[in-house]
Amino acid sequence: MVEMRLSGSGGQGLILAGIILAEAALLDGKLAIQSQSYGPEARGGASKSEVIIADRPIHYPKVTKPNLVLAMTQEATNKYCADLPADGILMVDTTFVKEIPEHVKNVYRLPITETSNAELGKSLFANIIALGAIVAATNVVSVESITQAVLNRVPPGTEEVNKRALELGMSLLRKE
């Protein structure tokens with residue numbers, strides 16, 4: 001079983017990213033549960049999307065011991081990393097996260113939003129870039145399934161730029 005928490009601020013598309021990741025797991029024939037929460041501010045406040053992927057029935061729908069935490073903001077890092085085990089993966093967006101919790105040893109520092117702005121012209125695609133990096137780091141779902149899940153969920157006319165965003169995320173991890 002793999003437990004992941006995607007966190008950042010409202011408006012960064014992390015709820016959608018969690019839904020896409022869960023859908024990719026289903027396309028791979030796995031079981032998945034996705035849940036979400038965000039502060040009362042909705043846009044700008046801390047938010048998280050949790051995804052559990054397993055090959056056998058999932059008996060509890062919340063992440064209790066995350067294998068991976070994606071933190072797109074410093075606030076999310078501070079708020080949602082406390083229960084990440086020392087051997088868990090912390091993936092941070094270096095555009096917004098400068099301080100890493102001391103207990104975490106396995107950290108991927110990636111310029112996610114910076115890459116989205118530089119390569120695709122806007123930060124809108126940072127969530128899809130992050131998904132590419134997660135898949136490259138964990139192999140939790142196949143590249144084919146994550147690509148199909150992204151294409152199933154993005155607005156018509158944005159398919160190619162979203163596929164590019166996914167590829168950029170995968171390549172960020174190869175450079176790490």
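Q: Let's start with charges. How many salt bridges does the structure hold?
A: The structure holds 6 salt bridges. Keep in mind that this is a predicted model.

Q: Which residue does R5 pair with?
A: R5 pairs with E50, and the closest N and O atoms are 2.9 Å apart. That pair links distant parts of the chain, since R5 sits in strand β1 (residues 2-9) and E50 in strand β3 (residues 46-54), 45 residues apart.

Q: Is R5 buried or exposed?
A: R5 is buried, because its relative accessible area is 4% and the cut-off for buried is under 20%.

Q: And E50, buried or exposed?
A: E50 counts as buried, with a relative accessibility of 4%.

Q: What else does E50 form a salt bridge with?
A: K48 is another partner of E50, with the closest N and O atoms 3.4 Å apart.

Q: Which residues are linked with R5 in a network of salt bridges?
A: The network links R5, K48, E50 and D83.

Q: OK, over to K163. What is its salt-bridge partner?
A: K163 goes with E160, and their closest N and O atoms are 3.8 Å apart.

Q: Where do K163 and E160 lie?
A: Both lie in helix α6 (residues 159-175). They are 3 residues apart, which is about one turn of the helix.

Q: Why does K163 count as partly exposed?
A: K163 has 29% relative accessibility, so it falls in between the cut-offs of under 20% for buried and over 50% for exposed.

Q: What about E160, buried or exposed?
A: E160 is exposed, because its relative accessible area is 57%.

Q: Switching to pockets. What volume does the largest pocket have?
A: The largest pocket has a volume of about 320 Å³.

Q: How many residues line it, and which lie nearest its centre?
A: The largest pocket has 17 lining residues. Nearest its centre are Q12, S123, L124, F125 and N127.

Q: Where does the largest share of that lining come from?
A: Helix α4 (residues 126-138) gives the largest share, with 3 residues.

Q: How does the lining divide into nonpolar, polar and charged?
A: The lining of the largest pocket has 9 nonpolar residues and 8 polar ones, with no charged residues.

Conventions. Residues are numbered from 1 along each chain as its sequence is written. This is a predicted model: local features need pLDDT of at least 70, side-chain atom pairs count only at pLDDT 80 or more; totals for chains, interfaces and linings use all residues. Side-chain values use heavy atoms; hydrogens and water are left out. On a 1 Å grid over the protein atoms alone, a cavity is a set of points where a 1.4 Å probe fits but cannot get out, and a pocket is an open set with protein on both sides within 12 Å along at least five of seven lines; lining residues have an atom within 4 Å of a point. Grid points are joined across faces, edges and corners, and a volume is the space filled by probe spheres set on the points. Helices (H or I, at least four residues) and strands (E, at least two) are DSSP runs, numbered from the N terminus. Ala, Val, Leu, Ile, Met, Phe, Trp, Tyr, Cys and Pro count as nonpolar, Asp, Glu, Lys and Arg as charged, and the others, Gly among them, as polar. A salt bridge is a side-chain nitrogen of Lys or Arg within 4 Å of a carboxyl oxygen of Asp or Glu. Buried means under 20% relative accessible area, exposed over 50%, partly exposed in between (1.4 Å probe, protein chains only).
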